[in-house]
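Please look over this model with me. My notes follow as numbered points.

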Amino acid sequence: MGRVTERRKVLRIRDGAVSSRPDTLVAEEPLEIRLNGKPLAITMRTPGDDFALAAGFLVSEGVLGGQQDLRNIVYCAGATADGSNTYNVVDVQTAPDVVVPDITLERNVYTTSSCGLCGKASLDAVRTTARFPIADTPPVRVSPELLASLPDRLRAAQRVFDRTGGLHAAALFTEEGELLDVREDVGRHNAVDKLVGRALQNGELPLSRAVLLVSGRASFELAQKAVMAGMPVLAAVSAPSSLAVDLAAETGLTLVGFLRGSSMNVYAGEDRIALRAAAAQG
């Protein structure tokens, strides 16, 4: 849609020298997600992959579990008073046999680019609604060396970040380290939703052999999204939250944080980390 970035005039100061120049910024616009015609959620996102974002959001909410649950996704015409289409409202139509929970009665489903679903922090809710228990058979095994190589590969794939410096990214890798998909967004949870939604549209859920890498911290909502999509490994370049660690421990998710260079912390699911015998004994 050509709205991923925008140009703004900026006053630039470098070593005392002052100049005026245009700067490229990442775009941020609201997206209203409707479910079968009824308003459900509003998220601030970078335009692009909106249908995948909406589908991935509904996977994390337990509404969609596979390609067969999704009938259609469309932009809503007449999204403004004058009847023009802003491409900021999407309607997700589910298959007739999909049971839609009354999500709006449980909480206010407003999300922001920074915090995701701040009002939902229930471990029990995730455990009871997850359709894909993390039970990779045979277990996924990844080495520290493989994990250490992933952030640079993610960074190399961030096309919009190179122009703006203002986007989060999420990527899916195979257990052998092959890059499957990468998405960028002003919100880290949106980037993950775009990955999961694309996988649902392609009939690839659950992602039971995938490694999810996120460019920022590993918060509860990101661990939730990994669990709801059946992913066995979540790695982040920054810190996890305590609730994310609790969720990982309860569900069997392998959670890696502070993945920087050859260093990392494994907070849960260490059985999937293929350590050398000497290192494991140390």
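1. Buried means under 20% relative accessible area, exposed means over 50%, and partly exposed is in between (1.4 Å probe, protein chains only). In helix H5, the buried residues are Arg188, His189, Asn190, Ala191, Val192, Asp193, Lys194, Leu195, Val196, Gly197, Ala199 and Leu200. That is twelve of its 14 residues, so H5 is largely enclosed by the rest of the structure.

2. This is a predicted model: local features need pLDDT of at least 70, side-chain atom pairs count only at pLDDT 80 or more, and totals for chains, interfaces and linings use all residues. Residues are numbered from 1 along each chain as its sequence is written, and side-chain values use heavy atoms, with hydrogens and water left out.

3. Helices (H or I, at least four residues) and strands (E, at least two) are DSSP runs, numbered from the N terminus. H5 covers residues 188-201. The expected span of a helix is 1.5 Å times one less than its number of residues. For the 14 residues of H5 that gives 20 Å, and the end C-alpha atoms are 20 Å apart, which agrees. Just after H5, Gly203 takes a positive phi of about 70°.

4. The structure holds two aromatic pairs. Rings of Phe, Tyr and Trp (its six-membered ring) pair if their centres lie within 6.5 Å; planes under 30 degrees apart count as stacked, over 60 as edge-to-face and the rest as tilted. Phe51 and Tyr75 have ring centres 4.8 Å apart and planes at 45°, so this pair is tilted. Phe51 sits in helix H1 (residues 50-60) and Tyr75 in strand E5 (residues 70-75), so the pair ties together parts 24 residues apart in sequence. Phe51 is partly exposed at 26% relative accessibility. Tyr75 is also partly exposed, at 23%.

5. Tyr75 pairs with Tyr87 as well, edge-to-face, at 5.0 Å centre to centre and 80° between the planes. Tyr87 lies in the loop between E5 and strand E6 (89-94), twelve residues from Tyr75. Tyr87 is partly exposed, at 37% relative accessibility. Phe51, Tyr75 and Tyr87 form one aromatic cluster.

6. Where is the nonpolar patch? Leu11, Ile13 and Val18 form it on the surface, with about 320 Å² of accessible area together. Leu11 belongs to strand E1 (residues 5-14) and is exposed, at 57% relative accessible area. Patch residues have over 30% relative accessible area and no salt bridge; nonpolar side chains (Val, Leu, Ile, Met, Phe, Trp, Tyr) are joined within 5 Å, like charges within 9 Å. A salt bridge is a side-chain nitrogen of Lys or Arg within 4 Å of a carboxyl oxygen of Asp or Glu. Areas come from the Shrake-Rupley method with a 1.4 Å probe; for residues, only the protein chains shown count as cover.
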